[in-house]
Amino acid sequence: MQICPLLICLAVAGVGFLIYSLVTAKEDSAPAAATVTTTEAVQTTESLLSTEQPQTTETTQPETTEPETLEFQTVTEDYFDDALFIGDSRTQGLQLYSTLDNATFYAATSMSIFGIMDSTETVDGVTGIRNLLQSKQFGKIYIMFGINEAGYDTDAFVERYGQVVEEIRGYQPDAIIYVQGIMYVTAAKAAAEPVFSNDNIRKKNEGLKDLANGEDIFYLEVNDNLNDGQGNLPEEYTGDGVHLKASYYSLWRDYLLEHAIVTPQMAGQTGAQSGGSGEGASTETSTADDAG
């Protein structure tokens, strides 16, 4: 049987078309598969990265503010309504001749920084400084000691002073504490009794300055108002070279009025300074062993 050449050609052509179709289909599917594989790889990588890397969140640091700088201001005498003055006979003079009748005073002749906390003076019916400090809260506490301690070692004096201030702070946590510098003596007094040397007083005052912190403990250089310009108490201000005459206690008082700390909470309670001075004369005498 003869096979028609035409049929043979058609059969060959059909086989060739089938082979071409298969090859073409294979080539078309390869890029698609590759594309899918690449996309999956990218997604997998991103997933791994997001899993392995910890999440970080920005934290806001709290703002730090510098403590407010408190500066001395001028006030009126009502500033001393809640003030306590602690000291020796010099502070007694301030009580008697300064017109600060609204303040509380705990002072006595010969009182010293070494004996103050065990003293037994009676003020407003309360005996002893510890009991007084526990009986009420004061807004301001002024301390002056040193003339009776002139012969003591400066370091021992300042150390004890600091201990007293610390103990007072324990009883009076909210009070402003003023450490007043030791008042000078006259040049004649210093020459006659070298233990009262004003250089010695200045050395002790330098130590007292270190007790101040500028926040709730402040040093007051009262000698700025009681100075002859050469580092001595003026002769005309005193009768014994140590204690002020009555009419000059106003200079001490005025210095305190012009060097007061007024906190924001106190601002509405004080106003402008009003002047005034005492009268009379003090003829109190003293010895080296009982200066103040």
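## Close-up views of a predicted model

**View 1. The E167–R130 salt bridge.** E167 and R130 meet through their side chains in a salt bridge, at 2.6 Å from N to O. The pair links distant parts of the chain: E167 sits in helix α4 (residues 154-171) and R130 in helix α3 (residues 129-135), 37 residues apart. E167 has 24% relative accessibility, so E167 counts as partly exposed. R130 is partly exposed too, with a relative accessible area of 27%. The model shown here and in the other views is predicted.

**View 2. The R253–E77 salt bridge.** Here the side chains of R253 and E77 form a salt bridge, 3.9 Å from N to O. R253 belongs to helix α7 (residues 249-258), while E77 lies in the loop between β1 (72-73) and β2 (83-87), so the pair ties together parts that are 176 residues apart in sequence. Are R253 and E77 buried or exposed? Both are buried.

**View 3. The E193–K189 salt bridge.** E193 pairs with K189 in a salt bridge. Their closest N and O atoms are 2.6 Å apart. K189 has a relative accessible area of 8%, so K189 is buried. Side chains of opposite charge can pair when their charged atoms come close.

View 4. I113 lies in the loop between β3 (104-107) and β4 (122-123). Why does I113 count as buried? Its relative accessibility is 0%, and buried means under 20%. Which residues does I113 touch, leaving aside those up to four places away in sequence? They are F145, E149, F157, R160, Y161 and V164. For I113 and F145, the C-alpha atoms are 6.0 Å apart in space. In sequence, I113 and F145 are 32 residues apart.

**View 5. The whole chain, for context.** The chain has 292 residues, of which 40% count as buried. Its secondary structure comprises seven helices and nine strands. Among contacts in the chain with a separation of 6 or more, 71% join residues 24 or more positions apart. The accessible surface comes to about 16200 Å². Carbon and sulfur atoms hold 52% of that surface. How many salt bridges does the structure hold? There are nine, including E167 with R130, R253 with E77 and E193 with K189.

Technical notes:
Residues are numbered from 1 along each chain as its sequence is written. This is a predicted model: local features need pLDDT of at least 70, side-chain atom pairs count only at pLDDT 80 or more; totals for chains, interfaces and linings use all residues. Side-chain values use heavy atoms; hydrogens and water are left out. Helices (H or I, at least four residues) and strands (E, at least two) are DSSP runs, numbered from the N terminus. Buried means under 20% relative accessible area, exposed over 50%, partly exposed in between (1.4 Å probe, protein chains only). Contact means heavy atoms within 4.5 Å. Accessible areas come from the Shrake-Rupley method with a 1.4 Å probe; for residues, only the protein chains shown count as cover. A salt bridge is a side-chain nitrogen of Lys or Arg within 4 Å of a carboxyl oxygen of Asp or Glu.
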